[in-house]
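Visitor: I would like to learn how to read the features of a model like the one below. Please take them one at a time.

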Amino acid sequence: MYAQLGDIKFELITYFDGLNSSQKIDYAEHATIEGKPKLQYIGEALETISIKLSFHTDFCNPQEELKKLRDAASRYEPLPFVFGNGIYKGKYVIEEIISEVIQTFNDATYINIEAEIKLKEWVEDRAITIKKEPKKTIKKKASAGEQTKKGNYTDFDKGKIVRQK
């Protein structure tokens, strides 16, 4: 076994025909006046993996194997992706299935199907923590319209005094 996605095994000799992986970094582009735009790092994008498969009647039922892939994709669930050497790559969803019938019998039964599945990395939700600022204490609360040396204070916003100009 070369790799396994959920309960679907990819055999190197019989099914597996190639693997491509793509890792991308996202940047925001900000326009500047009279100059080139500036880039700002946003974060890493999700990894994508493309696996090429070959299904032939010499070693499998091509229609059944393609159906396994379509059924797994239609469950819309992240699946564990593990290589044959035991390395756990992470969870991935099947984003796209591309298939091409290469050869058929006279009755339209498939002999050979070339397929490609595109997987997208699935990242588990992280707990969001809210950083609370310490409460500020106000020594003296001014009343509306109170005059001080700095000006006329009329509005209050949760303990903050807003100065009118």
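Visitor: Is aspartate 71 buried, partly exposed or exposed?

Guide: Buried means under 20% relative accessible area, exposed means over 50%, and partly exposed lies in between (1.4 Å probe, protein chains only). Aspartate 71 has 31% relative accessibility, so this residue counts as partly exposed. A word on the basis: this is a predicted model, in which local features need pLDDT of at least 70, side-chain atom pairs count only at pLDDT 80 or more, and totals for chains, interfaces and linings use all residues. Residues are numbered from 1 along each chain as its sequence is written, and side-chain values use heavy atoms, with hydrogens and water left out.

Visitor: With which residue does aspartate 71 form a salt bridge?

Guide: Side chains of opposite charge can pair when their charged atoms come close. The criterion for a salt bridge is a side-chain nitrogen of Lys or Arg within 4 Å of a carboxyl oxygen of Asp or Glu. Here the partner of aspartate 71 is lysine 67, with the closest N and O atoms 2.8 Å apart. Both residues lie in helix 1, 4 residues apart, or about one turn of the helix.

Visitor: How many salt bridges are found in the whole structure?

Guide: The search finds 7. One of them joins lysine 89 to glutamate 47, the closest N and O atoms being 3.4 Å apart. That pair links distant parts of the chain, 42 residues apart: lysine 89 is in strand 8, and glutamate 47 is in the loop between strand 5 and strand 6. Lysine 89 counts as partly exposed because its relative accessibility is 36%, whereas glutamate 47, at 9%, counts as buried. Glutamate 124 also forms a salt bridge, with lysine 91, at 3.8 Å between the closest N and O atoms. This pair too links distant parts of the chain, with glutamate 124 in the loop between strand 9 and strand 10 (146–148) and lysine 91 in strand 8, 33 residues apart.

Visitor: How many helices and strands does the protein have?

Guide: Helices (H or I, at least four residues) and strands (E, at least two) are DSSP runs, numbered from the N terminus. The protein has 1 helix and 12 strands, in the order β-β-β-β-β-β-α-β-β-β-β-β-β.

Visitor: Which residues of helix 1 are buried?

Guide: They are Pro62, Glu65, Leu66, Leu69, Ala72 and Ala73.

Visitor: Which residues does glutamate 95 touch?

Guide: Contact means heavy atoms within 4.5 Å. Leaving out residues up to four places away in sequence, glutamate 95 touches Lys118, Leu119 and Lys120. Glutamate 95 is in strand 8, and its C-alpha is 5.4 Å from that of leucine 119, 24 residues apart in sequence.

Visitor: Which residues make the nonpolar surface patch of about 450 Å²?

Guide: Patches are made of residues with over 30% relative accessible area and no salt bridge; like charges are joined within 9 Å, and nonpolar side chains (Val, Leu, Ile, Met, Phe, Trp, Tyr) within 5 Å. Areas come from the Shrake-Rupley method with a 1.4 Å probe, and for residues only the protein chains shown count as cover. This patch is made by Ile25, Tyr27, Leu39 and Tyr41. Strand 4 (25–30) and strand 5 (38–44) each supply at least two of its residues.
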